Amino acid sequence: MGKPLFYEILEKPATSCIIGICSAIWFYIQKKNIGYSHVGLSYETAIQGQYWRIITSAFSHISAIHLVFNMSALWSLGVVEQLDYMGLGVGYYLQYTLVMVVSSGMLVLAMYHLLIQRFKIEYFRRVTAVGYSCVVFGWMTILSVKQPSSKLELFGFISLPISFAPFESLVFTSIIVPQASFIGHLSGIIVGYAIAWGLIHGMNSYWALSLLGWIALVFVWSLKKSGAVDLNFLEIESVTEPSLPVRFLASGQLSNGNVGIV
């Protein structure tokens, strides 16, 4: 018999919070009847400057079975938070989750670009991806390298050897969810191996907070630029009184009663 759910939540605080966030977003999407086009990531929307979709697409799910699959897999992968003795733990989990959300989204767009521009497959121009699968597949891959003896539990009754889980799940999801993004899942696996093998490394609290700050800045900027949300309150008002003349003074001094620009 396993531990009570309450104790498991305490042992996986970051995983529990992410599951709560994704579930709450799913309920909101269902209530507001929001579709793929509103929150999903596609090549076409990215080249229009809608970079905020890299974030919204990662945490959004439209299909209930997609949500259940991702969250059940993520719950099992939350064991990473308990592996402090292996150099993992809660801090590592949060830092590299942030890396995977951004890196896998950018890699998806890079693959779309290659397929469209190099191989002239226009189909991928409008393919819209949503879901936390990139990060889930990334953590599957990391755990398969760091702790290959682990098991991946799905839906509470399916158990897969973690060493084969990334590719088994890649096939499994393609069967049960035909609309699943093969490229998105593959991107998660690639980024996962890059982290597990040390090709992406050096993350700590300072760099994670710096990255989070840049993500927030680009998110708000791209929202405003694309006009997806009314952010007129962010406009910077001019300090120059239109009724007063502006003079440029060679000495850099301000003349009386006028606004000067040095």
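Tutor: Gladly! This is a predicted model. The lining of the largest pocket is made up of 21 nonpolar residues, 12 polar ones and no charged ones. That pocket holds about 510 Å³ of space, and among its 33 lining residues Thr128, Ala129, Val130, Gly131 and Ser181 are closest to the centre.

Student: Which elements give two or more residues to the lining of the largest pocket?

Tutor: They are α5 (53-59), α7, α8 and α10 (182-196). The largest share is that of α7, with five residues.

Student: And what makes up the second largest pocket, by class of lining residue?

Tutor: Its lining has 13 nonpolar, four polar and no charged residues. The space comes to about 430 Å³. Of its 17 lining residues, Phe59, Leu94, Thr97, Leu98 and Leu212 lie nearest the centre. Helix α11 gives the most here, with seven residues.

Student: What makes a space a cavity rather than a pocket?

Tutor: In a cavity a 1.4 Å probe fits but cannot get out, whereas a pocket is open. With a threshold of 30 Å³ or more, the count is one cavity. The largest cavity has a volume of about 40 Å³. Its lining consists of His66, Phe69, Asn70, Ser133, Phe137, Thr173, Val177, Ala180 and His185. Helix α6 gives the most to that lining, with three residues.

Student: Why is the pair of tyrosine 92 and tryptophan 139 called tilted?

Tutor: Set the values against the cut-offs. The ring centres are 6.0 Å apart, and rings pair if their centres lie within 6.5 Å, so this counts as an aromatic pair. The planes are 55 degrees apart. Stacked needs under 30 degrees and edge-to-face over 60, so the pair is tilted. The whole structure has 11 aromatic pairs.

Student: What does the pair of tyrosine 92 and tryptophan 139 tie together?

Tutor: Tyrosine 92 belongs to helix α7 and tryptophan 139 to helix α8, so the pair links parts 47 residues apart in sequence.

Student: How do you know whether tyrosine 92 and tryptophan 139 are buried or exposed?

Tutor: Buried means under 20% relative accessible area. Tyrosine 92 has 14%, so it is buried. Tryptophan 139 is at 0%, so it counts as buried too.

Student: Where is lysine 120, and what is its phi?

Tutor: Lysine 120 is in the loop between α7 (89-118) and α8. Its phi is positive, about 60 degrees, although lysine 120 is not a glycine. At 60% relative accessibility it counts as exposed.

Student: How do you know that lysine 12 lies over the face of tryptophan 75?

Tutor: Lysine 12 is at 4.3 Å from the ring centre of tryptophan 75. The distance limit is within 6 Å, and the direction must also be within 35 degrees of the ring normal. Arginine 118 has its charged end over the ring of phenylalanine 119, 5.7 Å from the centre.

Methods
Residues numbered from 1 in each chain as written. Predicted model: local features only at pLDDT ≥ 70, side-chain atom pairs only at ≥ 80, totals over all residues. Heavy atoms only, no water. 1 Å grid on protein atoms, 1.4 Å probe; cavity = no way out; pocket = protein on both sides within 12 Å on 5 of 7 lines; lining within 4 Å. Points joined across faces, edges and corners; volume = space filled by probe spheres on them. Helix = DSSP H or I, 4+ residues; strand = E, 2+ residues; numbered from the N terminus. Buried < 20%, exposed > 50% of the residue type's maximum accessible area, 1.4 Å probe, protein only. Nonpolar A, V, L, I, M, F, W, Y, C, P; charged D, E, K, R; others polar.
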